[in-house]
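This report describes the architecture and side-chain interactions of a single protein. Please consult the sequence and the structure shown below while reading.

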Amino acid sequence: MKKMITALVACGALLVPATPAQAATPKDPVRALKTKLISGHGVRFTETTTLSGDDKVKLQDRKGTFQFNAKGIAASDIKTNATNSEPERSISVGKVSYTSGGLFNDRLPEGKTWLKSGGMYGGAGGFFGQVINPAEPKTIAALIKKGRLTRSTITGKITFDELEKVSPWFGASIPLRMHNEKVTYTLTLTSAGLVSRVKSSYAATGVFDKSEFDGKTITIDSRFTGWGTKVSIKAPDPETVTSKMNN
């Protein structure tokens, strides 16, 4: 009898449904980012911008590096290959930017290869560059507040106005935009809570007042690697820099 009771108890235990595993709590992306914001360190990225409607057309490719300070981005070095322009390189240190090639290729005085300007991060490539910068804690916090955070993604929508209030990058790098336009975004997170991919899109209607953009969508897909990599970005040789352009 004792053996029979023991067997019945064992069988009963097998029939009890297993308790579902507790869903893992998402890593805090803001906290994860702040651990990487160390002077002399940074992150690399690559991105592609496309225009889609009846068909899909690539507007440009970019690749670059961000150098950090304790608040976010202290410097950047970005190369752009646009479909209808010469290759461009833009270096920003603090609030000063230097751009070479691209739209300015034939407009600089003889002997000068860099145009100095205030705060236009990413050069002309910034017109169609990524509007969301995952190296800014306030930006990440706003995206979480406006959207939804899961274990591996942050998804949602935010207006250009709202983004500009929290993001120095957005405010300085996209000179032409529609302030009330909504940006749809998906940020993919690593297991450590860092952003490995940013995909954003917004309606292209009104961009540059060109009808070929009407009814179409601009999508920017960026990949981020090497968070915490040692980085050193410096301004170009002053002898090659000018603040003037030829007419």
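**Overall architecture**

The model is predicted. The protein contains 5 helices and 12 strands. Of its 247 residues, 40% are buried. Its accessible surface amounts to about 13800 Å², and carbon and sulfur atoms account for 54% of that area. Among contacts between residues at least 6 apart in sequence, 59% join residues at least 24 apart.

Helix H3 spans residues 137-146, and its buried residues are Pro137, Thr139, Ile140, Ala142 and Leu143. An α-helix has 3.6 residues a turn, so residues three or four places apart point the same way. The cover over the buried residues of H3 includes helix H2 (29-34) and helix H4 (160-166). Strands E8 (153-159), E9 (182-189) and E10 (195-203) are also among the elements that cover them.

**Aromatic pairs**

The whole structure holds 8 aromatic pairs. One of the pairs joins Phe66 and Trp169 in an edge-to-face arrangement, with 5.2 Å from centre to centre and 80° between the planes. Because Phe66 belongs to strand E2 (residues 56-68) and Trp169 to helix H5 (residues 168-173), this pair ties together parts that are 103 residues apart in sequence. Phe66 and Trp169 are both buried. They also belong to one aromatic cluster, together with Phe45, Phe68, Tyr121, Phe224 and Trp227.

**Salt bridges**

A search of the whole structure gives 6 salt bridges.

| Asp61 | Lys58 | 2.8 Å |

Glu162 is partly exposed at 30% relative accessibility, and Lys146 is partly exposed at 41%.

In the salt bridge between Asp61 and Lys58, Asp61 is partly exposed with a relative accessible area of 25%, and Lys58 is partly exposed at 43%.

Through salt bridges that share partners, Arg197, Asp221 and Arg223 are joined into one network.

Definitions and conventions. Residues numbered from 1 in each chain as written. Predicted model: local features only at pLDDT ≥ 70, side-chain atom pairs only at ≥ 80, totals over all residues. Heavy atoms only, no water. Buried < 20%, exposed > 50% of the residue type's maximum accessible area, 1.4 Å probe, protein only. Helix = DSSP H or I, 4+ residues; strand = E, 2+ residues; numbered from the N terminus. Contact = heavy atoms within 4.5 Å. Phe/Tyr/Trp six-rings, centres within 6.5 Å; stacked < 30°, edge-to-face > 60°. Areas by Shrake-Rupley, 256 points an atom, 1.4 Å probe, with all protein chains shown as cover. Salt bridge = Lys/Arg side-chain N within 4 Å of Asp/Glu carboxyl O.
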